[in-house]
Amino acid sequence: MNTMLRKSVLGIAGLAFTGGVFAGPIAAHADAAPVHGTKPVAVSVQGAQSKIDLNDEQLANAKAIIAATKKAGLPERAAVISIATSLQESKLENLGHLGDANDHDSLGLFQQRPSSGWGTPEQITDPEYSTLAFLKGLKQVDGWQDMPLTEAAQTVQVSAYPDAYAQWEQQAADIVAHNWNS
């Protein structure tokens with residue numbers, strides 16, 4: 001094969017690969033059916049997704065986040081960001097003091113810290129209070145509605161692992177789609 005033809009073939013193969021890398025995550029969810037006939041929440045899922053099975057307590061906490069989001073008058077997207085954040089921070093478990101395993105003085109669904117001004121330990125471990133505190137921070141982020149989930153969550157949380165929130169976006173969107181109108 002001559003050099004010009006080889007470069008052309010390699011160039012086309014490279015474009016095809018690049019297109020697959022960038023379009024793959026989008027295409028993987030393009031035909032996803034809505035959960036139980038509800039309208040899907042618009043997401044721009046980034047990267048590999050994680051999923052955990054939820055127990056009754058975790059599902060109740062997710063529903064509390066949705067209720068607090070509605071109380072705050074915010075749209076479903078805010079609930080998706082909140083639930084994805086809580087999935088990353090606590091796996092939707094309302095964490096009390098964990099002794100030596102505690103991350104500083106982080107508590108609750110969002111691992112908020114009393115020493116950072118999020119509230120008292122009693123407030124932070126109240127799902128409604130902690131969600132409203134998270135949403136108050138989210139509302140202060142210019143353009144949060146249109147930015148990638150992980151960027152919006154990180155701006156509020158200031159985590160040591162800023163990209164970790166993205167892996168929960170699809171599960172959070174599914175939870176919101178299934179429970180927003182219930």
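Before searching I noted the criterion: a charge sits over a ring if NZ of Lys or CZ of Arg is within 6 Å of the ring centre and within 35 degrees of the ring normal. I also noted that the model is predicted.

Entry on charge and ring. I looked up Lys70 and found that its charged end sits over the ring of Trp180, at 5.0 Å from the centre of that ring.

Entry on aromatic pairs. I found 1 aromatic pair in the structure. The ring centres of Phe110 and Phe134 lie 4.9 Å apart and their planes are at 10°, so I recorded the pair as stacked. Because Phe110 lies in the loop between α3 (76–90) and α4 (121–124), while Phe134 belongs to helix α5 (residues 127–139), the pair ties together parts that are 24 residues apart in sequence. I checked burial as well, and both Phe110 and Phe134 are buried.

Entry on Thr150. A polar atom of the Thr150 side chain lies 2.6 Å from the backbone oxygen of Pro162. Setting aside neighbours within four places in sequence, I listed the contacts of Thr150 as Gln46, Pro162, Asp163, Ala164, Tyr165 and Ala166.

Entry on the chain. I noted 7 helices and 0 strands, and of the 182 residues 36% count as buried. Among contacts between residues at least 6 apart in sequence, 61% join residues at least 24 apart. I put down an accessible surface of about 10100 Å², of which 56% belongs to carbon and sulfur atoms.

Conventions. Residues are numbered from 1 along each chain as its sequence is written. This is a predicted model: local features need pLDDT of at least 70, side-chain atom pairs count only at pLDDT 80 or more; totals for chains, interfaces and linings use all residues. Side-chain values use heavy atoms; hydrogens and water are left out. Rings of Phe, Tyr and Trp (its six-membered ring) pair if their centres lie within 6.5 Å; planes under 30 degrees apart count as stacked, over 60 as edge-to-face and the rest as tilted. Helices (H or I, at least four residues) and strands (E, at least two) are DSSP runs, numbered from the N terminus. Buried means under 20% relative accessible area, exposed over 50%, partly exposed in between (1.4 Å probe, protein chains only). A polar contact is a pair of N or O atoms within 3.5 Å; within protein, one must be able to donate a hydrogen and the other to accept it, and residues adjacent in sequence count only if both atoms are side-chain atoms. Contact means heavy atoms within 4.5 Å. Accessible areas come from the Shrake-Rupley method with a 1.4 Å probe; for residues, only the protein chains shown count as cover.
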